[in-house]
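Here is a short report to read beside the structure. Keep the sequence at hand.

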Amino acid sequence: MYGWHRYNVISYGIHATKGIPVLSSRHTGVWLYGITEIRNMLDFNRVIRTIGGLLYPTSCAGCGAFDVELCETCKNLFQTPHTEQIEQSLDVIWFANFKNPSVKKIIKAFKFQNQRNLAKLLEPIIKPHAPKTDLVVPIPLHSTKLLKRGYNQAELIAEQCGTPTRALVRIKETPPQGHADSREARFANLCGAFAVIDPIIIKDKTILLVDDVMTTGATLSSATLELKKAGAKEVAALVLAHG
Ligand SMILES: [Zn+2]
């Protein structure tokens, strides 16, 4: 700061006898100090960090507020838990309305833009409302999609509820869920999409199924059906958003 201040006062002086513009020795010293500062600024790591910060500054995934991954206002969009009963007496707990544009942005950032930390930030909201069950099972991604994305967002949410158990595998790739699709059409599409890896693990167990978003509920229904067929005692579900 001091160096910067001195650098700012640099100005030409007039030579006392020759009458030509020159830098006084004091000002030359100031200039050299400035050069050192610039050299320090060119330190490789600092340059990378600076460029990274300029290109990808930390901002709220929902509203873009500066210097925070998820601001309090956006976090509050997830504060109210709701329970909805869908087919097969499956109770689904959800926290935010997916139709809200900020919620949509947050889920998109979490799911597609590698902002994995968002799940952890929502833990204080999710955890107290997660039903206590024997197992916490995330809805799996098809291996092709997992390879492409590098992580299963449902598993990251499941980690906020307990220790995830990979009890299901997705054996059929299904098209993304569109709002135009009816629940019946989705359910038919998802028929045979999941398989239980080892029935012994889930037999007579209470299970919490976890996913990021519930649209028609067909994904959760289809996974529940497989778990129940393999002997699960009870299944409940938890998702971040519903819409
Ligand atoms: Zn925000």
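## Helix packing

At what angle do helix H10 (residues 183-190) and helix H12 (residues 218-229) pack, and how far apart are their axes? In this predicted model, the angle is about 45° and the axes are 9 Å apart. The crossing of H10 past H12 is right-handed.

Arg 183, Arg 186, Phe 187 and Leu 190 form the H10 side of the contact. On the H12 side are Ala 218, Thr 219, Ser 221 and Ser 222. By type, these contact residues divide into three nonpolar, three polar and two charged.

## Overall make-up

The chain has 12 helices and nine strands. It runs to 243 residues, of which 30% are buried.

Contacts between residues at least 6 apart in sequence were also sorted by separation. Of these, 71% join residues at least 24 apart.

## The largest nonpolar core

The largest nonpolar core holds 55 residues. Which of them touch the most other members? They are Leu 208, Leu 209, Val 210 and Ala 241. Strand E9 (residues 234-242) supplies the largest share of this core, with seven residues. In soluble globular proteins, nonpolar side chains tend to be buried together.

## His 129

His 129 sits in the loop between helix H7 (123-126) and strand E5 (135-138). Is His 129 buried, partly exposed or exposed? It has 15 other C-beta atoms within 10 Å, so it is partly exposed. The buried class needs 20 or more, and the exposed class 12 or fewer.

Not counting residues up to four places away in sequence, His 129 touches Pro 81 and Ile 93. Trp 94 is 35 residues from His 129 in sequence. In space, the C-alpha to C-alpha distance between His 129 and Trp 94 is 9.7 Å.

## Pro 101

Pro 101 belongs to helix H5 (residues 101-112). Why does Pro 101 count as exposed? Because it has 10 C-beta neighbours inside 10 Å, and a residue is exposed at 12 or fewer.

Pro 101 and Gly 62 are separated by 39 residues in sequence. Their C-alpha atoms are 8.0 Å apart in space.

How values were computed. Residues numbered from 1 in each chain as written. Predicted model: local features only at pLDDT ≥ 70, side-chain atom pairs only at ≥ 80, totals over all residues. Core = buried A, V, L, I, M, F, W, Y, C linked by C-beta atoms within 7 Å. Helix = DSSP H or I, 4+ residues; strand = E, 2+ residues; numbered from the N terminus. Axes fitted to C-alpha atoms, helices over the stretch in contact; angles between N-to-C directions. Left-handed = near helix turned anticlockwise from the far one by under 90°. Contact = placed C-beta atoms within 7 Å. Nonpolar A, V, L, I, M, F, W, Y, C, P; charged D, E, K, R; others polar.
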